[in-house]
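Hi everyone, thanks for coming along.

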Amino acid sequence: MEITVTVNGQQHTRNVEPRLLLVHFLRDELGLTGTHWGCDTSNCGACVVWLDEAPVKSCTVLAVMADGRRVRTVEGLGDSTGLDPVQQGFTECHGLQCGFCTPGMMLTARWLLDHHPDPSEEDIREAISGQLCRCTGYENIVKSIQWAAEHDTAAAAVPEESTVDSAEVSA
Amino acid sequence: MQVPAQFQYERATSVAHALSLLTKFGPESRIVAGGHSLIPMMKLRLAQPEALIDINGLSELARISVEDGTLYVGAMVRHADLLSSAVVGEHFPIFHDAERLIADPVVRNRGTVGGSLCQADPSEDLSAAFAAVRGEAVIEGTGGRRVVLVREFFTGPYQTVVGENEMLVQLRVPISSSASAYEKVERRAGDWAVAAVGAELRIEGTQLVSVGIGLTALGAPNFHAPEAEEYLLGGPAVDERFAEAGRIAARHCEPVADQRGPVDYKRHLAEVLTVRALRRARTRWHGNHPQEA
Ligand SMILES: Cc1cc2nc3c(=O)[nH]c(=O)nc-3n(C[C@H](O)[C@H](O)[C@H](O)COP(=O)(O)OP(=O)(O)OC[C@H]3O[C@@H](n4cnc5c(N)ncnc54)[C@H](O)[C@@H]3O)c2cc1C
Ligand code: FES
Ligand code: FES
């Protein structure tokens, strides 16, 4: 079935099978491999992306459910003027080790800071509690998000819709 | 890579449309709400529906409201919305207690209240919470609406009274007391309950004039503890009686041994958590709550 999804401000139209999961749509159809795919059981959170306004686990959402909606992936953090403060925080505070959990962690962190500009350590730990870091780098991830909160000047806005990319591909 | 088997997908535009799609596709079709129980089951081939009817577009089912002394919660209300609703917290702290412990914030952005109840997993937290507060389930079919007590909603593990051509549209709960609480023991943050207990009470003078106790993951028929409720009703809301109610609840449930623990441990939790939930509910009794509508 044909779906049109706006990913990081760009519209994509594809013909997909209903059983295609959003995580595979992003990675395999759109080549946005920043969204990672780990446990496949909704537990690890490596696949977290925003669906409209909130982070979801994209291994448990059908791509067809995103039809007509907006998705934000790690590629949509930051813009041409620079990194998102969350990305900077992960750099400053050594928030990534192997980097596998990082995209999901950063997207949840961005969402937390948009709603809660001054989170406590407990708020941060609660926000990322559905996301596993196999390198167990939680201390530094929490510090990175705290750094971002302190340096968050303007809440990063979701980019405007821009170019249209349309192609017919079967899943 | 786990991917569901093939199926047809239809997006419902109204409750009537969803019901007509259910009729059209027949018994092998399923409603999908948040999909956070159903899609994992489809990946594992524990469920293999031939058609999915997506009800995410039905914004009329995503509302929370209070009218005439009753709380109304649409079937498509997400866990995150129940948790962030001030009016829910004011009248039913039990739901906020429970939601804080259901899965994790990201799963709560997607999973729905209706999906939780219809899934009828013996460990579903909201089933016990709604059983404790004597909620009602509003079910719609092509022939019209019917209302069933949540306590009569479940017919077995993963089974409810919702028929093939019907869907759950709403939950409603009479507001009679804000003295309610939910206590859960889990193995780690965001995990399913090893055991959990919800309680609601109402006191007049020194007497308990209404008591509700819901049990999760403890093999209690219909997720509640009628014997313990009966014992407490009409007596004072004191610790000794709460302790006895805990023993009664533990005796009458039927937990099963699994990777979360052996039966005697779970019975022990039933007792301890019943007492804790009752006590915490009591601390929330201020004596000035509206009468049952
Ligand atoms: C990692 C993880 C951890 C979790 N931890 C917990 C936990 O600690 N406690 C807990 O209680 N739950 C937990 N859950 C379960 C989660 O809360 C449920 O998956 C979710 O709420 C089910 O709702 P859904 O909207 O996703 O339902 P779906 O998966 O869409 O549907 C579930 C079932 O209900 C049916 N259905 C859905 N809506 C309707 C309707 N309106 N009418 C008729 N039938 C309907 C579907 O056909 C399907 O059979 C967890 C889930 C995950 C993925
Ligand atoms: S891959 Fe989606 S939660 Fe692990
Ligand atoms: S940095 Fe390796 S999984 Fe988190």
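Let me begin with a definition: helices (H or I, at least four residues) and strands (E, at least two) are DSSP runs, numbered from the N terminus. Now the ground rules. This is a predicted model, where local features need pLDDT of at least 70 and side-chain atom pairs count only at pLDDT 80 or more, while totals for chains, interfaces and linings use all residues. Residues are numbered from 1 along each chain as its sequence is written, chains are lettered from A and ligands numbered from 1 in the order in which they are written, and side-chain values use heavy atoms, with hydrogens and water left out.

Let's take chain B to start. For residues 2-178 of chain B, UniProt lists "domain: FAD-binding PCMH-type", from an unreviewed entry. UniProt positions are given in the numbering used here, feature names are shortened, and annotations may be inferred rather than shown by experiment. Over that stretch of chain B, residues 2-178, we have 32% helix and 27% strand, with the end C-alpha atoms 44 Å apart. Domain bounds, which come from an automatic or database domain assignment, divide chain B into domain 1 (8-54), domain 2 (61-174) and domain 3 (179-284). Taken over C-alpha atoms, the centres of domain 1 and domain 3 of chain B are 35 Å apart.

On to chain A. Here the assignment gives domain 1 (2-75) and domain 2 (85-160), and their centres, over C-alpha atoms, are separated by 20 Å. In chain A, 22 residues of domain 1 are in contact with 20 residues of domain 2, contact meaning heavy atoms within 4.5 Å. Together these two domains of chain A bury about 1600 Å², with 63% of it on carbon and sulfur atoms. Buried area is the accessible area (1.4 Å probe) that two parts lose on being put together, summed over both. A:Trp50, A:Arg72 and A:Val74 supply 33% of what domain 1 of chain A buries against domain 2 of chain A, more than any other three residues.

How many salt bridges are there between domain 1 and domain 2 of chain A? The count is zero, using a side-chain nitrogen of Lys or Arg within 4 Å of a carboxyl oxygen of Asp or Glu.

What about chain B against chain A? That contact takes 27 residues from chain B and 30 from chain A. About 2400 Å² is buried between chain B and chain A, and carbon and sulfur atoms give 61% of that. On the chain B side, B:Tyr9, B:Val106 and B:Arg110 supply 23% of the area buried against chain A, more than any other three residues.

This interface between chain B and chain A has four salt bridges by the rule. A:Glu126 pairs with B:Arg108 in a salt bridge, with the closest N and O atoms 2.8 Å apart. Strand E1 (8-11), helix H2 (38-43), strand E3 (51-54) and helix H6 (105-108) of chain B each bring at least two residues to the side that touches chain A. H6(B) gives the most to that side, four residues.

In chain A, A:Glu29 forms one with A:Arg14, the closest N and O atoms being 4.0 Å apart. A:Glu29 lies in helix H1 (residues 22-29) and A:Arg14 in strand E2 (residues 10-15) of chain A, so this pair ties together parts that are 15 residues apart in sequence.
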